[in-house]
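Look over the chain shown below.

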Amino acid sequence: MNTPASPTPSSASRAAVKAVLFDLDDTLWAIEPVLVRAEGLLYEWLQAKAPRVAAAHTVTTLRERRMALMRTDPAFRIDLWKLRHTALTEVFAEHGEDLALVDEGMALFSQARSTVTLFDDVEPGLQRLARTLTLGSVSNGFADLERIGLAGHFGVSLAAHRFGLAKPDPQIFHAACQALGVAPTEAVYVGDDPHLDVQGAQQAGLRAVWMNRFGRTLPEGIVPDAVCSDLHQLHDWLEAQARAS
């Protein structure tokens with residue numbers, strides 16, 4: 001039996017919900033094991049194809065280097081693929097490895113990045129929601145929804161690195177709503193990040209549901225329209241909203 005979604009204060013009169021937009025990482029699948037595996041596979045590839053880089057770096061030092069590089073240019077916060085590609089290119093150049101191999105390494109990483117294990121409720125939950133609502137996704141990551149097998153569920157899928165702006169910028173939320181033919185007030189955004197997903201969506205005029213799959217605590221001052229731990233709870237909350245409207 002599903003525990004009902006936790007309601008939080010919201011406007012007394014609101015437009016009926018017509019669309020639901022989803023974050024991806026840690027909302028539809030757990031991202032940490034995906035990244036651990038992908039970075040491990042890339043490091044094994046480096047040992048074989050760029051041994052001087054592998055001798056000078058560990059998975060941890062390569063990650064630290066990316067984080068330092070991210071702080072040098074705001075564009076890297078939007079385009080995470082570009083961040084990884086640039087960081088890899090830099091270490092290849094520093095250690096005299098063949099730069100022509102960087103794209104091969106990135107292709108391997110990108111494939112592994114899109115090899116995910118969906119939470120059990122995702123496929124049935126999306127199918128259930130799609131019976132009455134239009135669905136879409138908005139993500140700051142670069143997962144390949146075609147490879148994952150979810151692309152067919154969504155009427156629009158916006159990725160920050162292609163759109164040119166990232167959450168919490170209101171424009172990426174508004175563009176997704178426009179693509180689905182709904183007003184922001186007719187859309188709900190569902191995501192795990194209190195700042196990017198909940199606060200960002202609400203500031204763009206959408207309702208926001210915090211997907212809390214891991215028993216986390218909300219930061220002070222952030223008040224989602226509801227809190228759910230899976231898509232079945234989300235469906236029940238949306239049904240309650242429809243009955244109340």
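## A proline in a loop

Between which two helices does the loop with Pro168 lie? The loop runs between helix H9 (160-163) and helix H10 (170-180). Helices (H or I, at least four residues) and strands (E, at least two) are DSSP runs, numbered from the N terminus. The peptide bond from Lys167 to Pro168 is cis, with omega near 15 degrees.

This is a predicted model, where local features need pLDDT of at least 70, side-chain atom pairs count only at pLDDT 80 or more, and totals for chains, interfaces and linings use all residues. Residues are numbered from 1 along each chain as its sequence is written, and side-chain values use heavy atoms, with hydrogens and water left out.

## The nonpolar cores

In soluble globular proteins, nonpolar side chains tend to be buried together. A nonpolar core is a set of buried Ala, Val, Leu, Ile, Met, Phe, Trp, Tyr and Cys residues joined through side-chain atoms within 4.5 Å. Buried means under 20% relative accessible area, exposed over 50%, and partly exposed in between (1.4 Å probe, protein chains only).

The largest nonpolar core here has 30 residues. Phe22, Leu28, Trp29, Leu150, Leu234 and Leu238 have the most contacts inside it. At least two residues of this core come from each of strand S2 (19-22), helix H7 (122-129), helix H8 (145-148), strand S5 (187-191), strand S6 (207-211), strand S7 (226-228) and helix H12 (231-244). H12 gives the most, with four residues.

## Trp29 and its partners

Contact means heavy atoms within 4.5 Å. Leave aside the neighbours of Trp29 within four places in sequence. Trp29 is then in contact with residues including Leu24, Val34, Arg113, Phe119, Leu145 and Leu150.

## One side of helix H7

Which residues of H7 are buried? They are Val122, Gly125, Leu126 and Leu129. These four lie on the same side of H7, because they cover an arc of only 95 degrees around the axis. The arc is that of the directions from the helix axis to the C-beta atoms. The cover over the buried residues of H7 includes S2, strand S3 (134-139) and H12.

## The largest pocket

Rolling a probe the size of a water molecule over the atoms shows where empty space is left. The search uses a 1 Å grid over the protein atoms alone. A cavity is a set of points where a 1.4 Å probe fits but cannot get out. A pocket is an open set with protein on both sides within 12 Å along at least five of seven lines. Lining residues have an atom within 4 Å of a point. Grid points are joined across faces, edges and corners, and a volume is the space filled by probe spheres set on the points.

The largest pocket has a volume of about 770 Å³. It is lined by 29 residues. Asp25, Ile31, Leu35, Leu80 and Arg113 lie nearest its centre. The lining divides into twelve nonpolar, three polar and 14 charged residues. Ala, Val, Leu, Ile, Met, Phe, Trp, Tyr, Cys and Pro count as nonpolar, Asp, Glu, Lys and Arg as charged, and the others, Gly among them, as polar. Helix H1 (32-49), helix H3 (59-70) and helix H5 (80-94) are among the elements that each supply at least two lining residues.

About 150 Å³ of space lies in the largest cavity. Its lining includes Glu39, Tyr43, Arg63, Arg84 and Leu88. H1, H3 and H5 are the elements that give two or more residues to this lining. By class, the lining has eight nonpolar, no polar and four charged residues.

Leu88 lies in helix H5. Leu88 is buried, with a relative accessible area of 6%. Not counting residues up to four places away in sequence, Leu88 touches Leu46, Val102 and Met106.

## Other single residues

Asp26 sits in the loop between S2 and H1. Asp26 is not a glycine, yet has a positive phi of about 65 degrees. Asp26 counts as buried, at 13% relative accessibility.

Gln241 is in helix H12. Gln241 is partly exposed, with a relative accessible area of 25%. Gln241 and Val17 are 224 residues apart in sequence, but 8.0 Å apart in space, C-alpha to C-alpha. Ala55, in helix H2 (residues 51-56), is exposed, with a relative accessible area of 72%.
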